[in-house]
Amino acid sequence: MRKKIVAGNWKMNLDYQEGISLFSEVVNMVKDEVRGEQDIVVCSPFIHLYGISALAKDANNVSTGAQNIHQEESGAFTGEISAKQIRSVGANYVILGHSERRAYFGETNELLAKKVDIAIKYQLTPIFCIGETKEERESGEFFSVIKEQLTQGVFHLEADDFENIVIAYEPVWAIGTGLTASPEQAQEVHAYIRKVIGEQYNTTLADEISILYGGSCNPKNAPDLFSQADIDGGLIGGASLKSRDFTDIVKVFN
Ligand code: PEP
């Protein structure tokens, strides 16, 4: 079902105590100020997940997620973490295909397709990130990049699985740079994503999927971005580390 979602990506920030306090602040602000039906997700480092998932039980519409999982069920993969382990602490989401994982950890669409499968198997909703680099935007090939990421990353799924995934369009040139895609640029790509999904599956399914925008989103630019017809919310990096900014972005859907 298509939902409004604001998801935070804490990346590799905050020690345990800092993470617990930030999450508690967000939960309290959300309780006092959020009036809409929007879903709120916090994707933290692994160390916080057990603690914040316990706190999330008493919080309306707030869920937790990881920022990565391994593609195998279990086994001799020192330092890795499985979908089952993440699910067992009460998290519901996992970010997959973030451009930082693609660029710094060599994650390919082929590998990501396996991660998507194991996430769905263990009832974790993938927030599947796609987006073009600055060069790909400037050369005009961004539509084909987006189509390839979708085709290789998620188009092996059955139509029913699409109820359990969220797409995040994150132009790489806008992540952590302070450069935001204009609402028109973002809307153009979101509409294209829906069109490609409609062609591969059907238009009902394409209309039902939630597609988030990510890339230097903040309380100032979120209202214009989120008012676009095909933008269902945001994946928020830097601004999710400040409870006031993150909650203000969530409140765009009040
Ligand atoms: C992100 O890392 O997913 C992201 C959108 O970061 P930022 O908001 O800091 O650009």
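Trainee: In this predicted model, does Gln67 count as buried or exposed, at 18% relative accessibility?
Mentor: Gln67 is placed in the loop between strand S3 (62–66) and helix H3 (83–88). Buried means under 20% relative accessible area. Because its relative accessibility is 18%, Gln67 counts as buried.

Trainee: How far apart in space are Gln67 and Leu96, C-alpha to C-alpha?
Mentor: In sequence, Gln67 and Leu96 are 29 residues apart. In space, their C-alpha to C-alpha distance is 6.8 Å.

Trainee: Which class of accessibility does Leu14 have?
Mentor: Leu14 lies in the loop between strand S1 (5–9) and helix H1 (16–33). Its phi is near 80°, a positive value in a residue other than glycine. Partly exposed is the class between buried, under 20%, and exposed, over 50%. Since the relative accessible area of Leu14 is 25%, the residue is partly exposed.

Trainee: What is the phi of Ser216?
Mentor: Ser216 is located in the loop between strand S7 (210–214) and H10. With 19% relative accessibility, Ser216 counts as buried. Although Ser216 is not a glycine, its phi is positive, at about 55°.

Trainee: How many aromatic pairs does a search of the whole structure find?
Mentor: A pair of aromatic rings is described by the distance of the centres and the angle of the planes. The search of the whole structure finds aromatic pairs numbering six.

Trainee: What kind of aromatic pair do Phe155 and Tyr201 form?
Mentor: Planes over 60 degrees apart count as edge-to-face. The rings of Phe155 and Tyr201 lie 5.6 Å centre to centre, with 75° between the planes, so the pair is edge-to-face.

Trainee: How many residues apart are Phe155 and Tyr201?
Mentor: Phe155 is in the loop between helix H7 (142–153) and strand S6 (166–169), whereas Tyr201 is in the loop between helix H8 (183–200) and H9. Both Phe155 and Tyr201 are buried. The pair links distant parts of the chain, with a separation of 46 residues.

Trainee: What kind of aromatic pair do Phe226 and Phe253 form?
Mentor: Planes under 30 degrees apart count as stacked. Phe226 and Phe253 are 5.0 Å apart centre to centre, and the angle between their planes is 0°, so this pair is stacked.

Trainee: Which residues form the negative surface patch?
Mentor: One member, Asp207, is found in helix H9 (residues 203–208). Asp207 is partly exposed, because its relative accessible area is 43%. The patch is formed by Glu158, Asp160, Glu163, Asp207 and Glu208.

Note on methods: Residues numbered from 1 in each chain as written. Predicted model: local features only at pLDDT ≥ 70, side-chain atom pairs only at ≥ 80, totals over all residues. Heavy atoms only, no water. Patch = residues over 30% accessible without salt bridge, like charges linked within 9 Å, V, L, I, M, F, W, Y side chains within 5 Å. Areas by Shrake-Rupley, 256 points an atom, 1.4 Å probe, with all protein chains shown as cover. Salt bridge = Lys/Arg side-chain N within 4 Å of Asp/Glu carboxyl O. Lys, Arg positive; Asp, Glu negative; His and termini not counted. Charge placed at Lys NZ, Arg CZ, Asp CG, Glu CD. Helix = DSSP H or I, 4+ residues; strand = E, 2+ residues; numbered from the N terminus. Buried < 20%, exposed > 50% of the residue type's maximum accessible area, 1.4 Å probe, protein only. Phe/Tyr/Trp six-rings, centres within 6.5 Å; stacked < 30°, edge-to-face > 60°.
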